[in-house]
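Morning, everyone. I will go through one model today, taking the contacts between chains and then the ligand. Please have the structure open as I talk.

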Amino acid sequence: MTTRRRWGLAAVVVAIYAFLLAPFVVLALSSLSGGEAYYISFPPRGLSTRWYLAIPASYLRSFAVSVAIGVASALAAGLLGVAAALGIVRGRYRRKELLKAFFRAPLQIPLVVSGVVFLQFYYVLFGLTGVRLLESFTGLLLAHVFISLPFVVGTVCAVLEKFDRRLEEAAYSLGASRWTTFRRVTLPVIRPGVFAGMLYAFIVSFGNVPVSLFLVGPRLTTLPVDLFYSMEYDFNPSILALSTLVVVFSVLTILLLQRLMGMDVLVRAGAKE
Amino acid sequence: MSGVLLEEVTKRYGEVVGVRDLGLEVREGEFLTLLGPSGCGKTTTLRLIAGFLHPEQGRILVGGRDVTALPPQQRGIGMVFQDYVLFPHLTVEENIGFGLRERGAPRDEIRRRVREMLELVRLPEIGGRLPRELSGGQQQRVALARAVAYAPRLLLMDEPLGALDLKLREAMQIELHRIQRALGMTTIYVTHDQEEAFSLSDRIAVLEGGRLIQVGTPRELYRAPRNQFVAHFVGKINFLRGTVLDGVGPVASVKLEDGHQIRVRAPGPLRPGASVCVAVRPEALRVWAGAPEPQPEAVPGLNRLDGVLERVRYAGNFTHLFIRITENCTLLAEVGGERAELHTGEPVRAGWAPEDTLLWQEGDAS
Amino acid sequence: MEPGHPAVAALPGRGPVKAGLASGWDSLLLPALGASLLLFLLPQALFVKNSLYAPLGFGRIGDELTLQNFGRVLTDSLFLYSFRLTAYLSFLVAVVAILLGFPLAYFIARSQSRWRSLLVTLLVVSSFITVVIKSLGLIVILGGSGPVNRVLVGAGLVERPLTLLNNQFGVVVGLLHYTFPLMALVLLSVVQTIPASLEEAAEVMGAPRRRVFTRILLPLCLPGVLAGGLMVFNMSMGAFTSAALLGGGRVPVLPILIQRKIISEVNYPMGATMSVLLLVAVVALNVLAVWLLGRFRRLSAGMRGTL
Ligand SMILES: Nc1ncnc2c1ncn2[C@@H]1O[C@H](COP(=O)(O)OP(=O)(O)O)[C@@H](O)[C@H]1O
Ligand SMILES: [Mg+2]
């Protein structure tokens with residue numbers, strides 16, 4: 001009886017994973033189609049890598065932009081977020097829940113709204129100071145840091161709250177300075193939380209459309225926005241090839257991170273609270 | 001009608017053996033303890049009986065009924081877990097009434113019974129509290145009350161006192177004993193603590209490496225341990241190695257590795273030249289100062305070993321003496337009270353009676 | 001918060017040394033606080049203000065504060081329809097995500113470590129990949145000549161290919177694909193906090209699986225499950241990409257309306273007005289949900305002791 005239920009559950013799980021993974025499998029297969037046609041052919045007709053060779057260079061450029069912004073916002077959100085979490089958890093300010101709610105707030109703002117907000121902000125800023133943030137790397141980065149900061153603050157706060165401060169006291173008692181203690185004791189213990197937060201910061205930034213959409217232009221654009229416009233207005237099978245490459249890139253990144261940081265981080269990454 | 005019978009039960013976790021060919025009978029109303037070091041299969045045995053695990057081989061009978069294939073719900077068992085596992089979102093009353101409610105008992109009945117249980121574990125005032133508002137000892141009692149509230153025919157307890165500090169543990173042992181006697185239900189108890197097992201149990205089953213080594217009353221285990229493992233695990237003991245010189249008759253003579261000759265009560269005829277392990281309990285040793293003075297001869301027939309008193313550990317009602325016999329042989333003796341005439345660093349003589357000696361042939365597993 | 005504040009110095013149990021250490025931590029808060037104020041409060045204020053000017057067309061705006069935008073939006077039937085539609089679809093997606101995500105999270109949480117790590121990795125991979133690519137894959141799958149329709153027609157279950165794209169169904173599937181991996185990870189972290197031994201304790205006391213679920217699992221997981229559902233709802237309310245690509249412009253959810261107002265019509269004030277209303281609605285719903293959850297908890301606490 002128990003086993004029958006177990007198998008029933010397993011069947012549901014398999015179905016869910018099929019749903020989650022099918023799009024990537026299908027993409028990869030149709031990207032290999034040898035047909036001439038400028039539409040999607042699935043199952044693929046013949047096998048060829050012609051669409052891979054036909055990926056326009058502009059896509060590769062926006063791919064580079066996306067990776068750069070993703071990494072930069074993960075780093076910036078990481079630095080700011082760890083400092084903020086330390087301040088919240090360790091500081092003297094007693095209404096910690098309020099602070100946490102403040103830093104969590106961007107999660108509740110619909111992404112489209114954030115996009116519009118930044119668009120107008122940069123527009124006004126340009127009018128007032130002449131500083132042009134629209135269609136600039138800095139402008140995109142600021143917006144992406146804004147939407148990814150909550151993830152780092154959340155995960156790092158969570159590990160810091162569980163952190164046993166006696167570890168630090170032990171280090172002090174052994175004669176370590178505050179900085180040494182932080183670097184050699186505190187940081188290694190909270191590192192999984194930091195990595196998890198930064199991983200999500202990267203994910204949120206790297207895949208974003210609704211915020212970037214308002215801030216990019218012909219001179220600077222991100223891969224997701226590029227792909228989005230291409231799908232909306234001028235479909236070209238080489239985006240299937242490009243998408244497949246991005247999927248492969250993502251899988252390799254995850255595997256690499258998992259190697260470097262361990263499974264634990266990925267599980268914890270899900271637990272934002 | 002509510003005894004338990006395990007018939008050659010085997011359970012593996014992949015490659016790892018949980019328990020192997022375990023045959024065990026627990027009599028109705030009996031308090032039986034599974035005793036053994038960590039990893040020997042105690043929890044596995046309990047979980048097999050509870051129905052959380054299913055054996056690859058063998059049968060499990062509870063009250064004469066084969067329950068091997070039954071899910072836990074249908075086995076009518078009460079269980080106390082090591083870390084209590086009280087439902088954190090339910091009050092003490094709701095926790096205790098849980099099993100009754102699942103059995104469809106009427107509300108009044110549940111309320112009355114919960115009250116009774118709270119009295120039984122001497123916590124009549126805390127029914128409305130949540131588990132997190134209780135101390136460890138209180139949680140423990142609630143866990144017990146919860147497990148017995150629906151009068152299961154069999155009670156299982158997995159190291160229920162493991163998380164408590166020493167004083168509380170001793171107090172709870174007395175409580176547990178009282179409650180089990182009051183309810184009279186068959187109880188299988190798991191612990192790795194020999195003293196706890198001795199103070200609670202009618203009988204004890206010693207496990208090692210997934211196998212049952214010996215079952216018996218505490219007295220039987222202590223006096224006649226089947227092998228060195230049991231002897232070592234149940235109480236303190238001194239082991240000595242040697243070879244049989246003369247193995248005919250009720251008393252054998254054995255030559256120890258260091259050349260001393262001793263006399264031993266033999267379990268049966270022994271082949272001369274066979275290597276054996278002999279053992280003597282610390283409290284069977286008598287100790288005299290100033291060996292080789294002739295006092296021990298006053299008690300004829302005693303085995304004697306001479307050595308140097310290395311350390312004295314005073315424990316109030318008794319004293320432990322560590323006597324160095326040779327380079328790699330130190331005897332532990334337990335003597336009553338204080339022995340002011342004994343001084344560390346001075347020669348002493350230890351003696352014991354042949355009938356206080358245990359003997360096993362080497363390479364003899366059972 | 002300034003160092004040496006008398007109220008802080010007078011806190012019980014804090015010696016001067018500790019206070020000195022703590023003030024060091026305090027200052028760490030400043031960069032992020034500053035950045036958030038700069039990137040959060042200031043732009044939000046500007047943006048709300050923008051919704052209070054009348055649009056003059058061609059991207060120009062009036063210079064008098066007015067509430068007329070709000071009046072116009074709130075009487076616009078397309079906006080009202082769109083609002084209801086967005087909320088309805090987001091709610092639907094949240095419910096489906098909970099119904100599918102909970103069994104999945106439960107299965108993973110209770111499975112052996114070898115399977116576990118593979119399943120979790122796949123969830124992370126799926127959440128890693130941008131919605132645009134997911135939507136592209138779903139378009140291939142759900143298209144008129146895609147595998148789903150081929151199978152359905154081939155098996156004789158339907159006569160003509162079903163329309164699975166450019167309608168609400170497509171959008172729901174897309175939103176689900178977008179939010180589900182994160183939801184599953186959140187639920188996993190919830191179920192993981194519930195030891196399996198709690199279930200065993202209930203089982204051995206005679207509770208059948210269904211009762212173990214309703215009396216133990218559900219009450220213990222409920223706050224986490226609702227928080228996860230709220231997260232999915234929030235994400236869906238603001239989701240633009242999957243709605244645009246899988247709805248094909250025929251499912252006018254609010255994010256799409258807002259994007260059109262701003263990018264196609266260059267009507268910043270109206271776009272801002274709609275955004276403000278969307279924001280207010282989402283925040284209000286969140287506050288309401290948190291309040292209801294709190295009440296629910298207090299209610300169940302109040303029922304204690306009555307058995
Ligand atoms: N779920 C499990 N998976 C794999 N091995 C297990 C599992 N549970 C127990 N074991 C192994 O089975 C043996 C017996 O374990 P257990 O019954 O828990 O011992 P005890 O309770 O006596 O400490 C041990 O070697 C243990 O490592
Ligand atoms: Mg155990």
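Across the interface of chain A and chain C there is 1 salt bridge, where a salt bridge is a side-chain nitrogen of Lys or Arg within 4 Å of a carboxyl oxygen of Asp or Glu. The partners are R92(A) and D26(C), whose closest N and O atoms are 2.9 Å apart. As a general point, side chains of opposite charge can pair when their charged atoms come close.

Before I go further, this is a predicted model, in which local features need pLDDT of at least 70 and side-chain atom pairs count only at pLDDT 80 or more, while totals for chains, interfaces and linings use all residues. Residues are numbered from 1 along each chain as its sequence is written, chains are lettered from A and ligands numbered from 1 in the order in which they are written, and side-chain values use heavy atoms, with hydrogens and water left out.

Back to chains A and C. Between them, 7 residue pairs are in polar contact, both residues being at pLDDT 80 or more. A polar contact is a pair of N or O atoms within 3.5 Å; within protein, one must be able to donate a hydrogen and the other to accept it, and residues adjacent in sequence count only if both atoms are side-chain atoms. Which element of chain A gives the largest share of the side that touches chain C? That is helix α1 (residues 2-31), with 16 residues. Helices here are DSSP runs of H or I of at least four residues, strands are runs of E of at least two, and both are numbered from the N terminus.

By class, this side of chain A has 68 nonpolar, 11 polar and 9 charged residues. For the classes, Ala, Val, Leu, Ile, Met, Phe, Trp, Tyr, Cys and Pro count as nonpolar, Asp, Glu, Lys and Arg as charged, and the others, Gly among them, as polar.

How much area is buried between chain A and chain C? The figure is about 8200 Å², and carbon and sulfur atoms give 79% of it. Buried area is the accessible area (1.4 Å probe) that two parts lose on being put together, summed over both. On the chain A side, Y17(A), R92(A) and Q120(A) lose the most area to chain C, together 10% of what that side buries. In residues, 88 of chain A are in contact with 97 of chain C, contact meaning heavy atoms within 4.5 Å. Of the 2 pairs of chains that touch, A and C have the most contacts.

Chain A itself has 12 helices and 0 strands. Its C-alpha trace spans about 70 × 70 × 35 Å along the principal axes. Chain A and chain B do not touch, and their nearest C-alpha atoms are 8 Å apart.

Now chain C with chain B. Here 21 residues of chain C are in contact with 28 residues of chain B. The two chains bury about 2400 Å² between them, 60% of it on carbon and sulfur atoms. There are 3 salt bridges between chain C and chain B. One pairs R215(C) with E102(B), at 3.0 Å from N to O. R47(B) and E200(C) also meet in a salt bridge, at 2.7 Å. That pair runs from helix α1 of chain B to helix α9 (residues 196-204) of chain C. Over all chains, the salt bridge count comes to 32.

The same interface has 6 residue pairs in polar contact. On the chain C side, α9 and α10 (209-237) each supply at least two residues, and α9(C) gives the largest share, 7 residues. That side divides into 11 nonpolar, 4 polar and 6 charged residues.

Last, ligand 1. The residues around ligand 1 are in chain B, and include Y13(B), P37(B), S38(B) and T43(B); a residue is counted if one of its heavy atoms lies within 4 Å. Which backbone atoms approach the ligand's oxygen atoms? A backbone N or O atom of G39(B) lies 2.6 Å from one. For a polar backbone atom of K42(B) the distance is 2.9 Å, and for C40(B) it is 3.2 Å. Taken alone, ligand 1 exposes 550 Å², and the protein buries 60% of that, with accessible areas from the Shrake-Rupley method, a 1.4 Å probe, and, for residues, only the protein chains shown as cover. In chain B, β2 (16-26) and α1 (42-50) are the elements that give two or more residues to the shell. The shell has 5 nonpolar, 6 polar and 1 charged residues.
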